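Hi everyone, thanks for coming.

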Amino acid sequence: MAIATSRGRNSLGRILEAHGLTEFFKDWVTADDCIKPKPAPDLVLALLERMGRSSAETLVVGDTTFDIQMGKGAGCRTLGVSYGNHSPEMLATAAPDWITGDCRYIMDLLKGD
């Protein structure tokens with residue numbers, strides 16, 4: 001797993017560390033990487049290149065329409081999660097492949113691949 005965020009690297013590092021999540025993410029791109037920001041697909045495309053992965057095998061999970069637009073622009077499948085910044089109705093305007101309010105659904109999707 002990897003993270004594409006508009007946060008700075010230090011801010012993201014502190015959040016991941018505080019929640020014991022650092023070890024779960026292979027890589028991340030942040031605002032500090034000077035890559036064109038969301039909703040442009042550039043953050044995801046940079047991660048795909050670094051990780052040697054294709055968009056066809058990638059699920060972008062996000063809590064805003066900007067995240068969904070970024071993932072779709074990179075050619076990835078997208079999952080909008082409504083327990084963050086945007087409501088299910090708002091997320092639907094970006095036409096994600098799926099929308100959920102339950103984080104366990106992410107694992108269900110990945111197991112189905």
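Let's begin with what the buried residues of H3 pack against: strand E1 (2–4), helix H2 (42–51), strand E3 (59–62), strand E4 (77–81) and helix H4 (88–92). Helices here are DSSP runs of H or I with at least four residues, strands are runs of E with at least two, and both are numbered from the N terminus. This is a predicted model, where local features need pLDDT of at least 70, side-chain atom pairs count only at pLDDT 80 or more, and totals for chains, interfaces and linings use all residues. Residues are numbered from 1 along each chain as its sequence is written, and side-chain values use heavy atoms, with hydrogens and water left out.

So which residues of H3 are buried? In this helix, residues 65–73, they are Thr65, Asp67, Ile68, Met70 and Gly71. Buried means under 20% relative accessible area, exposed means over 50%, and partly exposed is in between, using a 1.4 Å probe and protein chains only.

Let's stay with Gly71 for a moment. Gly71 counts as buried because its relative accessibility is 0%. Setting aside neighbours within four places in sequence, Gly71 touches Val60, Cys76 and Thr78, where contact means heavy atoms within 4.5 Å. From Gly71 to Gly13 there are 58 residues in sequence and 22 Å in space, C-alpha to C-alpha. Just after H3, you'll find Gly75 with a positive phi of about 85 degrees.

Now, over to Met1, which sits in the segment before E1. Is Met1 buried or exposed? Met1 is exposed, because its relative accessible area is 60%.

Thanks, everyone!
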